[in-house]
Amino acid sequence: MKLINRFLVIFTILLSAFIIFGEFDRGIVIILKDSSIVLTLLFPYILKKLFKVDISDGVIFVWIIFIFLSHFLGVICELYNEWYYFDKVSHTFSGVLSGTVGVMVLDRLKIKKKWFGILFILSFTSMCAFLWEVFEFTCNALFGGDAQRV
């Protein structure tokens, strides 16, 4: 699984680089927005290295697929503009990902109560979605436009 994850990271960065090099005439904000895929792809590895967080290869795989779908296809390839339902698919996938992280947190805290676990996962996923929307709105207000270029 580690080999697959590394291949997907390199593949996505190379694809992104080809597209970003073709966008030099579109302005620095677009270039920085598209280039941020490198940092977001490497985020789980940064967490593992800096904070010694144990993240399974399966979760990293889901993260890489999510970033490829939402950031590469959605933002860089502008699929948000091409397919109306892409935002719904992206939000659904991010809910599954944040729910998986919630399960990891419960497991790490060794909490076994079923109802608390269900409530925690729903709350954690809702909090992640809320914080993302606040972040997205703030960036849109500060830098103009929107993250998906719609």
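From the N terminus on, the elements of this chain run α-α-α-α-α-α-α. That makes seven helices and zero strands. Helices (H or I, at least four residues) and strands (E, at least two) are DSSP runs, numbered from the N terminus. The model is predicted: local features need pLDDT of at least 70, side-chain atom pairs count only at pLDDT 80 or more, and totals for chains, interfaces and linings use all residues. Residues are numbered from 1 along each chain as its sequence is written, and side-chain values use heavy atoms, with hydrogens and water left out.

**Whole chain**

- Along the principal axes, the C-alpha atoms fill a box of roughly 55 × 35 × 30 Å.
- The chain has 150 residues, and 27% of them count as buried. Buried means under 20% relative accessible area, exposed means over 50%, and partly exposed lies in between (1.4 Å probe, protein chains only).
- Take the contacts (heavy atoms within 4.5 Å) between residues at least 6 apart in sequence: 62% join residues at least 24 apart.

**Surface and charge**

**Helix 7**

- Helix 7 covers residues 114-143, which is 30 residues. At 1.5 Å a residue it should span 44 Å, and its end C-alpha atoms are 43 Å apart, so the two values agree. The expected span is 1.5 Å times one less than the number of residues.
- Its buried residues are Gly 117, Phe 124, Thr 125 and Glu 136. They pack against helix 6 (86-109).
- Just after helix 7, Gly 144 takes a positive phi of about 80°.

**Two lysines with positive phi**

- Most residues other than glycine have a negative phi.
- Lys 52 is not a glycine, yet its phi is positive, about 55°. Lys 52 sits in the loop between helix 3 (37-51) and helix 4 (57-76). Its relative accessible area is 64%, so Lys 52 is exposed.
- Lys 110 also is not a glycine, and its phi is positive at about 60°. Lys 110 lies in the loop between helix 6 and helix 7. Lys 110 counts as exposed because its relative accessibility is 64%.
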